[in-house]
Amino acid sequence: MTTSKISFSSIKDNIIKTLARTEKTPLVDAMLAYKNKPMTGFHIPGHNRGMGVYPKFAELVGNDVLNIDTTDEFDNLGTLHPVSGAIKEAQECAASAYGARTTYFVTGGSTVANLALAFALTNPFEEVLIGRNCHRSVLTGLIISGAKVNWVIPRKLKNWAIFGNIEADDIEEKLQKNRNIKLVWITNPTYEGIVSDVKKISEVCKKYKASLIVDEAHGCLWNFNNKLPETAINQGADAVVHSLHKTGGAMTQASMLHITKNSSFEEEKVEHALKLLHTTSPSLLLLASLDAARANLSSSLGQKMLEGAIENAIYFREEARTIENLSVLENIDHDVTKIFIKMKGLSGLQLEEILEKDYDIEVESASDEGILLLSNIGGKREEFEYLIKSLKEISQKKYDFEYKNVKIMPLLDPEIVMNLREAYFSPKEYIDKFDAIGRISSQVVALCPPGISILLPGEIIKKEHLPYLFNYDKIEVIKE
Ligand SMILES: Cc1ncc(COP(=O)(O)O)c(C=O)c1O
C-alpha cells in the first residue's frame, strides 16, 4: 500500500491553544435546575417524572434519570428546532471548542447527521463522489436525494483484510475525469482508525471547486489532544460529523454536525433538513450529555482521561508486540486509540468468543480477520494488563476450533448499472441468493458494525458477494 506519512503537526498545538475552550455547561446547569424544581405537570412525557413507569424499570434506570427525561418545550431548557435557550448556548460552546462556525446537536446519531447533509446538499442526478467505505446512512441519504453516486475506492492493505486510506490522487483522478462532480464525501478515520490525508484531499477538492464532507464519526476526540490526528474541521472540509456517543463520552445516539468556518454550505439548508429528519421530541438527556461531553474534554480532568487513553493504547501496543502469534495493525497513519489485532490460527470471531467466554472481556467488534479494541477515556491500565495477560495465555493454548478461511471484505470495484434511487424504487423480487448472480441488486447489504456496504441498489451481484450474504437465503433484485 502506498501511504505517505502524515505528520500530526506541531501546528496542531497552536490550533488547540487558540480554541475557546470552556468548562461552562449551560444545558447541564439548566437540567440541574429543572431536576431540583418540583412542578405539578400536566404534559408529555406522561410518565410524570417517573411516577407512571413500571417499578422494575424505575429500579433499573434510577429515579434521577426518569425525573429529567423531558423534551425541549420548557422555557428554561430551550428548543432544538429552532435552536434557542440553553440548548443554543450549549451548541455555541461546542462550536467554540471544536473551532467550527456552527455546531448542531443531533439526537439520532451520526446517521441523522449524514442523512441531513445528503438531503440538504445534494439534488436528484447531481454527481457526487463518495468513499466506498462510507456508512450506510450516507447512502440512505443519497437514496432520498436521488444524487448520482461515483465511487472512490480506498486503498487495500497488504496483510489485512480491511479498508485502508483514501488517496488524494485517486480523488483527483475522479474529479479530473468527471467535471460535474461538485461534492466529495469521505469517511475518516476508518472504523479501524486508519487516517487519510484530508489536507491534501481538501486541496484537491478546492482545485476542482468541489465541496468536501468528512464523516469523522470516529474522530471526535482529535481536536482535544495533539497526539491524535488532525480533525477535518481544521483541514479545509466544509462539514464534519462527530459521533460523540462513540468515543467522546456522550450518551448513545448523541452526535454533532459541524459547519466549518470557511464552509461553502448554507446553514439554513442544513438546519431545514435536520428539522425535517429529527424527532419532534428530542431527548434532553441526550442533548445534555453532549454539553457534558464537550465540557469534560475541555476540562483538566477530561484532558487527563484522554492522555490516559493514549498512554494505555501505547502501552498495549508495546506489550502486544511481544506476544507470539499476535499481530497489531501498525506502521500506518492511524489513531493510536483504535487497536486492530489478529491471532494466528484463530479468526477474529473465534478470538472474540474466547475473550468473552473465558475472560469476560468485551471487544468493540470482530470479523473473520481480527478484532477491534478501543482505548477509551476512563479506561484503566489494569484492564490493559489483564487483556495482555489473557492474550498471552490464548496465544499459548490449542483450541478445537476449526479454523475458517478468512473472508476478505469484497473490495471489489462495484459494477453500477442503475442510479441508486432509481434501483431502490424499481419493481423488485426476492430470489434465492444463488440465482442472483448477474442480477441487479435493489437491496443495501451492509455488515454492521461498521455498516459498510457490500452491495447496493443498482449494482450487479457477483459470485464474490455470496460469502457475505450468509444472513440471507433470498435477496432482493430488480425485476426483469
Ligand atoms: C463512519 C460512520 N459514520 C456514521 C455512523 C453512524 O453513526 P451513529 O451510530 O451515531 O448513527 C457510523 C456508525 O457506526 C460510522 O461508523
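Q: How many bridges join strand S9 to strand S11?
A: This is a predicted model, in which local features need pLDDT of at least 70, side-chain atom pairs count only at pLDDT 80 or more, and totals for chains, interfaces and linings use all residues. Residues are numbered from 1 along each chain as its sequence is written. Strands (E, at least two residues) are DSSP runs, numbered from the N terminus, and two strands pair if DSSP finds at least two bridges between them. Strand S9 (residues 338-343) and strand S11 (residues 371-374) run antiparallel, and the number of bridges joining them is 4.

Q: Which strands stand at the edges of the open sheet of 4 strands?
A: The sheet has antiparallel pairing and the order S8-S9-S11-S10. Each edge strand has a single partner strand, so one side of each is left without a neighbour in the sheet; these strands are S8 (326-328) and S10 (365-366).

Q: Which residue in S11 does Phe340 stand opposite?
A: Strand S9 covers residues 338-343, and its partner S11 covers residues 371-374. The residue in S11 opposite Phe340 is Leu372.

Q: Which domains does the ligand lie between?
A: The domain bounds come from an automatic or database domain assignment. Both domains give residues to the shell around the ligand, so it lies between domain 1 (11-38 + 71-298) and domain 3 (420-478).

Q: Which helix gives the most residues to the shell around the ligand?
A: Helices (H or I, at least four residues) are likewise DSSP runs. The contribution is 4 residues, and it comes from residues 109-121, helix H6.
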